[in-house]
Amino acid sequence: MSAGSLRARVRTEMIEEIKATARKRLATDGANLSLRGVARDMGIVASALYRYFPSRDDLLTALILDSYRSLGAAATAAQTTAPTNSERAQWLSVCASVRDWAVANPTEYGLLYGSPIPGYDAPEDTVGPAATVVMLLAGIAAHAATAGRLHPVPLPTPLPAPVRADLRTLIEQQSSDLPEDVLDRVFLAWTQLFGLITFEIFGRLDGTIEAVADYFTHHMNLMADLVGLPAES
């Protein structure tokens with residue numbers, strides 16, 4: 001191994017160790033994460049971390065990107081392993097994988113969907129990874145529509161014109177032909193998905209709903225009905 005390759009390997013290992021230590025810190029410190037605290041846990045001086053992460057925000061961004069990518073990979077794998085001829089099965093599989101990931105990684109979930117961290121503004125490069133789940137759900141709906149299997153029930157409340165314009169812009173950006181009304185329902189389902197998971201992760205359902213898994217599956221089926229995905233035969 002060349003000296004350059006060895007240095008790169010050592011740097012990569014150091015970055016991963018810093019991030020692993022920071023994740024443990026997040027579990028107890030939350031928004032109070034600091035490079036000084038991470039360095040203390042690692043037994044090194046804080047100045048040594050600046051060669052890898054110039055600021056706390058750089059470290060937070062790295063942790064956020066890792067978490068979004070991990071969540072996105074889990075959701076993508078869930079869709080891939082679901083039956084290709086059943087959009088509802090894919091939908092439910094993706095939704096269940098998001099919940100499973102959140103339950104298994106509550107600290108990372110809190111970093112992504114918990115209270116905003118004071119003084120931290122997520123950079124533009126987090127936007128794409130953050131949209132992975134909703135893009136998967138929209139893709140499932142679009143596939144069903146192309147196959148002639150999407151049948152959304154008409155709703156009595158019309159989509160407001162400004163909202164329709166926003167959705168049309170998003171559709172054009174993605175080069176999709178999904179109707180605005182369908183994308184609106186996908187977005188509603190997306191917020192319901194993460195809202196329900198957030199209530200579970202942060203204990204908002206404690207003492208009210210005991211059958212949390214059944215409750216979750218029921219609501220994700222309701223969202224599939226709303227979007228217009230065909231029921232399982």
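Biologist: What average pLDDT does the protein chain have, and what share of the residues score at least 70?
Modeller: The average is 93, and 97% of the residues score at least 70, where pLDDT is the predictor's confidence in each residue, from 0 to 100. This is a predicted model, in which local features need pLDDT of at least 70, side-chain atom pairs count only at pLDDT 80 or more, and totals for chains, interfaces and linings use all residues. Residues are numbered from 1 along each chain as its sequence is written, and side-chain values use heavy atoms, with hydrogens and water left out.

Biologist: Which elements have the lowest and the highest mean pLDDT?
Modeller: Helix α1 (residues 3–29) has the lowest, 85, and helix α4 (residues 87–104) the highest, 98. Helices here are DSSP runs (H or I, at least four residues), numbered from the N terminus.

Biologist: How do you know that the length of helix α7 agrees with its number of residues?
Modeller: The expected span is 1.5 Å times one less than the number of residues. For the 15 residues of α7 (residues 132–146) that gives 21 Å, and the end C-alpha atoms are 21 Å apart, so the two agree.

Biologist: Why is Tyr109 called buried?
Modeller: Buried means under 20% relative accessible area, exposed over 50%, and partly exposed in between (1.4 Å probe, protein chains only). Tyr109 has 0% relative accessibility, so it counts as buried.

Biologist: And what makes Tyr113 partly exposed?
Modeller: Its relative accessibility is 23%, so Tyr113 falls in the partly exposed class.

Biologist: Why is the pair of Tyr109 and Phe194 called stacked?
Modeller: Rings of Phe, Tyr and Trp (its six-membered ring) pair if their centres lie within 6.5 Å; planes under 30 degrees apart count as stacked, over 60 as edge-to-face and the rest as tilted. Here the centres are 6.5 Å apart and the planes at 15°, so the pair is stacked. Tyr109 lies in helix α5 and Phe194 in helix α9, so the pair ties together parts 85 residues apart in sequence.

Biologist: What makes Arg99 a charge over the ring of Phe216?
Modeller: The criterion is NZ of Lys or CZ of Arg within 6 Å of the ring centre and within 35 degrees of the ring normal. The charged end of Arg99 sits over the Phe216 ring, 5.7 Å from its centre.

Conventions:
Helices (H or I, at least four residues) and strands (E, at least two) are DSSP runs, numbered from the N terminus.
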